[in-house]
Amino acid sequence: GEFSARLEVQTTAGVQWFPPGAGPRRIRREPHRVWQADPATPAPPVHGTPGAAAEIVAGPALSLKSPGFAEDLAAGARVAALPAVAADYDTLVVRARSTEPATDRFELGLVQRGGAAFGTDVPLWSDWHDAAIRLDELKPLWGTPAGTADVTQWNELSFVFGAWLYGPQSN
């Protein structure tokens with residue numbers, strides 16, 4: 001959300017505002033929604049593990065399911081992202097949950113125009129939780145050189161989970 005702040009003091013000389021002459025002042029900007037689906041949004045194709053599937057579920061949210069992960073396999077989907085107009089955002093909030101006890105995290109990737117990608121592992125719980133991720137803590141993914149994510153250049157979100165995240169219990 002957004003809030004405004006000012007200090008208004010009633011004096012015998014009238015109302016004094018601080019800072020002097022200031023009216024309401026913007027403290028932080030509206031949150032930017034990077035991705036939003038509705039029930040009519042088609043599910044993205046899932047790449048990787050045979051039998052893995054995606055669907056848009058109530059919420060609306062993206063649901064990814066896989067029957068397991070043999071060897072180095074993973075399942076993932078990408079959706080179009082909405083880039084921010086301004087670059088002064090510093091935190092990404094992901095609302096997520098797991099429906100399987102062994103699935104305790106997934107990799108979120110933010111893909112920019114030109115292919116550079118930055119991301120992190122997002123923790124999962126059995127009920128919906130918000131995970132706040134500082135943008136300066138995102139790591140380069142998939143061969144992207146060191147650097148920082150640019151929210152004005154995002155054009156895809158990548159959701160991936162697989163054997164490398166869960167080790168022996170991945171099957």
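**Starting from one serine**

Author: S158 is found in strand β14. Keep in mind that this is a predicted model.

Reader: Is S158 buried or exposed?

Author: S158 is buried, because its relative accessible area is 3%, and the cut-off for buried is under 20%.

Reader: Which residues is S158 in contact with, leaving aside neighbours within four places in sequence?

Author: They are A77, R78, E107, L108, G109 and W142.

Reader: Where is W142?

Author: W142 lies in the loop between β13 (139–140) and β14. W142 is partly exposed, with a relative accessible area of 45%. Its phi is positive, about 55 degrees, although W142 is not a glycine.

Reader: Back to β14. What order do the strands of its sheet come in?

Author: The order is β5-β8-β14-β10-β11-β13. These 6 strands form an open sheet with antiparallel pairing.

Reader: What holds strands like that to each other?

Author: Strands of a sheet pair through backbone hydrogen bonds, in either a parallel or an antiparallel way.

Reader: Which strands stand at the edges of this one?

Author: β5 and β13 do. Each has a single partner strand, so one side of each is left without a neighbour in the sheet.

Reader: How many bridges are there between β5 and β8?

Author: β5 and β8 pair over 2 bridges, in the antiparallel sense. Within this part of the sheet, G48 stands opposite A75 in β8.

Reader: Where does T49 sit?

Author: T49 is in the loop between β5 (47–48) and β6.

Reader: Buried or exposed, that T49?

Author: T49 counts as buried, because its relative accessibility is 7% and the limit for buried is under 20%. Leaving aside neighbours within four places in sequence, T49 is in contact with S66, P67, G68, F69, L73, A74 and A75. From T49 to G76 the C-alpha distance is 8.6 Å, while the two are 27 residues apart in sequence.

Reader: Different topic. How many residues are in the largest nonpolar core?

Author: It has 30 residues, and those with the most contacts inside it are L92, V94, F106 and W154. At least two residues of this core come from each of several elements, among them β9 (91–96), β10 (105–112), β14 (154–162) and α1 (163–166). β14 gives the largest share, 4 residues.

Reader: Now charges. How many salt bridges does the structure hold?

Author: It holds 5. In one of them R78 pairs with E156, with the closest N and O atoms 2.9 Å apart. That pair links distant parts of the chain, since R78 is in strand β8 and E156 in strand β14, 78 residues apart.

Reader: R78 and E156, how open are they?

Author: R78 is partly exposed, at a relative accessible area of 38%. E156 is partly exposed too, at 25%.

Reader: What does R95 form a salt bridge with?

Author: R95 forms a salt bridge with D130, and the closest N and O atoms are 2.7 Å apart. This pair also links distant parts of the chain, with R95 in strand β9 and D130 in strand β12, 35 residues apart. R95 is exposed, with a relative accessible area of 57%, whereas D130 is partly exposed at 42%.

Reader: Last one, the whole chain. How many helices and strands are there?

Author: The chain has 1 helix and 14 strands. Of its 171 residues, 35% count as buried. Among contacts between residues at least 6 apart in sequence, 62% join residues at least 24 apart. The chain exposes about 10500 Å², and carbon and sulfur atoms supply 53% of that.

How values were computed:
Residues are numbered from 1 along each chain as its sequence is written. This is a predicted model: local features need pLDDT of at least 70, side-chain atom pairs count only at pLDDT 80 or more; totals for chains, interfaces and linings use all residues. Side-chain values use heavy atoms; hydrogens and water are left out. A nonpolar core is a set of buried Ala, Val, Leu, Ile, Met, Phe, Trp, Tyr and Cys residues joined through side-chain atoms within 4.5 Å. Buried means under 20% relative accessible area, exposed over 50%, partly exposed in between (1.4 Å probe, protein chains only). Contact means heavy atoms within 4.5 Å. Accessible areas come from the Shrake-Rupley method with a 1.4 Å probe; for residues, only the protein chains shown count as cover. Two strands pair if DSSP finds at least two bridges between them. A salt bridge is a side-chain nitrogen of Lys or Arg within 4 Å of a carboxyl oxygen of Asp or Glu.
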